[in-house]
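Biologist: I am new to reading protein models. Can we go through one together, feature by feature?

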Amino acid sequence: MDTEKSIDIINSLIEINNDRMEGYETASNETTDADLKSLFDQLKQTSEHCKRELVNEVKQLGGTPFEGTKTTGKLFRVWMDLKAAITNKDHHAILSSCEFGEDVAVDTYQEVIENDSNQITARQLTIIGNQLSLIKSDHEKIRSLRDMANADR
């Protein structure tokens, strides 16, 4: 196992959680809908929990935990679409944007499990698998609410 590779892999998951936290913080600040604020805060808390675990793993490996976010690419567009949807108060559009962001998070975790499991310890793989389950659960909440918003259109 290459320690630097392990650190890079775990840091990529820290980054995706940083993206989720920033996106849901922005979304929560932009909406006046109490139900959405509550949901966004809950989703942000999932990533805060995941990040804490991942930061501990990077530190145990002697690395420096990633601090930033991806301000370019797919997720940035998702959060900008989300901000526009909130401005228009379109719940379906808001939740569709959130779902796309959740798709990216789930895909990132699944790629690590499928492609990089030989670069991390069994304990780290368990942590990542458990976190994937939490993020998938968040994804399902978003999808369900999006589908209900679509039915209300």
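This is a predicted model: local features need pLDDT of at least 70, side-chain atom pairs count only at pLDDT 80 or more; totals for chains, interfaces and linings use all residues.

Biologist: What is the relative accessible area of Cys 50?

Modeller: For Cys 50 the value is 0%. Cys 50 is therefore buried.

Biologist: How many disulfides does a search of the whole structure find?

Modeller: The search finds 0 disulfides.

Biologist: Now the chain as a whole. What share of its residues is buried?

Modeller: The protein chain has 153 residues, and 44% of them are buried.

Biologist: How many helices and strands make up the secondary structure?

Modeller: Count the elements. There are 5 helices and 0 strands. Read along the sequence, the pattern is α-α-α-α-α.

Biologist: How do I read contacts along the chain?

Modeller: Look at how far apart the partners sit in sequence. Take contacts between residues at least 6 apart: 79% of these join residues at least 24 apart.

Biologist: Next, the inside. Which residues touch the most other members of the largest nonpolar core?

Modeller: That core has 19 residues. Leu 13, Ile 14, Leu 54, Tyr 109, Val 112 and Ile 128 touch the most other members. Two or more residues come from each of helix H1 (3-30), helix H2 (34-60), helix H4 (91-115) and helix H5 (122-151). H1 gives the most, with 6 residues.

Biologist: Which residues does Ile 14 touch?

Modeller: Leave out residues up to four places away in sequence. Ile 14 then touches Lys 51, Leu 54, Val 55, Val 58, Pro 65 and Phe 66.

Biologist: How do I find empty space in a model?

Modeller: Rolling a probe the size of a water molecule over the atoms shows where space is left empty. Here, the second largest pocket has a volume of about 190 Å³.

Biologist: Which residues lining the second largest pocket are closest to its centre?

Modeller: Of 12 lining residues, the closest to the centre are Leu 36, His 91, Leu 95, Leu 145 and Ala 149. H2, H4 and H5 each supply at least two residues of this lining.

Definitions and conventions
Residues are numbered from 1 along each chain as its sequence is written. Side-chain values use heavy atoms; hydrogens and water are left out. A nonpolar core is a set of buried Ala, Val, Leu, Ile, Met, Phe, Trp, Tyr and Cys residues joined through side-chain atoms within 4.5 Å. Buried means under 20% relative accessible area, exposed over 50%, partly exposed in between (1.4 Å probe, protein chains only). Helices (H or I, at least four residues) and strands (E, at least two) are DSSP runs, numbered from the N terminus. Contact means heavy atoms within 4.5 Å. On a 1 Å grid over the protein atoms alone, a cavity is a set of points where a 1.4 Å probe fits but cannot get out, and a pocket is an open set with protein on both sides within 12 Å along at least five of seven lines; lining residues have an atom within 4 Å of a point. Grid points are joined across faces, edges and corners, and a volume is the space filled by probe spheres set on the points. A disulfide is a pair of cysteine sulfur atoms within 2.5 Å.
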